[in-house]
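Visitor: Hi! I'm new to this one and would like a walk around it. Could you show it to me?

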Amino acid sequence: VNGTEVVTPITSIIGVHIYLSGKFVVLETSFGLRVRFDGNHHTDVTIPTSYNDLLCGMCGKKHTSDLY
């Protein structure tokens with residue numbers, strides 16, 4: 001965190017919780033964003049449905065018609 005190695009779980013950042021879950025490091029926010037990283041190459045991002053049709057990025061857009 002901010003260039004310093006830390007041990008999970010981390011709850012000292014307001015609105016953010018970072019913890020280990022199986023082989024993943026998970027970051028969750030108070031507004032519903034969840035990012036999982038396996039420490040190697042697999043990352044997945046989950047967002048609340050309230051963000052449908054509002055986001056776009058490297059991996060495309062989040063539409064209500066997309067099948068994930």
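Visitor: Let's start with Ile18. Where is its place?
Guide: Ile18 is in strand 1. Before we go further, please keep in mind that this is a predicted model.

Visitor: Is Ile18 buried or exposed?
Guide: Ile18 counts as buried, because its relative accessibility is 14% and the cut-off for buried is under 20%.

Visitor: And how far apart are Ile18 and Glu28?
Guide: In sequence they are ten residues apart, and in space their C-alpha atoms are 6.4 Å apart.

Visitor: How do strand 1 and strand 2 pair?
Guide: They pair in the antiparallel sense, over six bridges. The two strands make a hairpin with two residues between them. In that turn, Gly22 has a positive phi of about 60°.

Visitor: Let me zoom out for a second. How many helices and strands does the protein have?
Guide: There are zero helices and six strands. Reading along the sequence gives the pattern β-β-β-β-β-β.

Visitor: What share of the residues is buried?
Guide: Of the 68 residues in the protein, 13% are buried.

Visitor: Back to the strands, then. What joins strand 2 to strand 3?
Guide: Four bridges do, and the two strands run antiparallel. One of the bridge pairs is Leu27 with Val35 in strand 3. Another pair is Val25 with Phe37, again in strand 3.

Visitor: Which residue in the turn between strand 2 and strand 3 has a positive phi?
Guide: That is Gly32, with a phi of about 100°. The hairpin formed by strand 2 and strand 3 has four residues between the strands.

Visitor: You mentioned Phe37. What is its bridge partner in strand 4?
Guide: In strand 4, Phe37 is partnered with Thr43. So Phe37 has a bridge to Val25 and a bridge to Thr43, by the cut-offs used for pairing strands.

Visitor: How many bridges join strand 3 to strand 4?
Guide: Four, with the strands running antiparallel. Strand 3 and strand 4 also form a hairpin, with five residues between them. Gly39 sits in that turn and has a positive phi of about 85°.

Visitor: New topic: charges. How many salt bridges does the structure hold?
Guide: It holds one salt bridge. The partners are Asp44 and Arg36, and their closest N and O atoms are 2.9 Å apart.

Visitor: Are those two buried or partly exposed?
Guide: Asp44 is buried, because its relative accessible area is 18%. Arg36 counts as partly exposed, because its relative accessibility is 22%. The line between the two classes falls at 20%.

Visitor: What else does the charged end of Arg36 do?
Guide: The charged end of Arg36 sits over the ring of Phe24, 3.9 Å from the centre of that ring. Arg36 therefore takes part in the salt bridge with Asp44 as well as this contact with Phe24, given the distances that define each.

Visitor: Speaking of rings, how many aromatic pairs turn up?
Guide: A search of the whole structure finds one aromatic pair. Phe31 and Tyr51 form that pair, which is tilted, with 6.4 Å from centre to centre and 55° between the planes.

Visitor: How accessible are Phe31 and Tyr51?
Guide: Phe31 is partly exposed, at 47% relative accessibility. Tyr51 is partly exposed too, with a relative accessible area of 27%.

Visitor: Last one: which residues form a nonpolar patch on the surface?
Guide: Val1, Val6 and Ile13 form it, and together they have about 210 Å² of accessible area. Val1 lies in the segment before strand 1. At 40% relative accessibility, Val1 counts as partly exposed.

Notes. Residues are numbered from 1 along each chain as its sequence is written. This is a predicted model: local features need pLDDT of at least 70, side-chain atom pairs count only at pLDDT 80 or more; totals for chains, interfaces and linings use all residues. Side-chain values use heavy atoms; hydrogens and water are left out. Patches are made of residues with over 30% relative accessible area and no salt bridge: like charges are joined within 9 Å, nonpolar side chains (Val, Leu, Ile, Met, Phe, Trp, Tyr) within 5 Å. Accessible areas come from the Shrake-Rupley method with a 1.4 Å probe; for residues, only the protein chains shown count as cover. A salt bridge is a side-chain nitrogen of Lys or Arg within 4 Å of a carboxyl oxygen of Asp or Glu. Buried means under 20% relative accessible area, exposed over 50%, partly exposed in between (1.4 Å probe, protein chains only). Rings of Phe, Tyr and Trp (its six-membered ring) pair if their centres lie within 6.5 Å; planes under 30 degrees apart count as stacked, over 60 as edge-to-face and the rest as tilted. A charge sits over a ring if NZ of Lys or CZ of Arg is within 6 Å of the ring centre and within 35 degrees of the ring normal.
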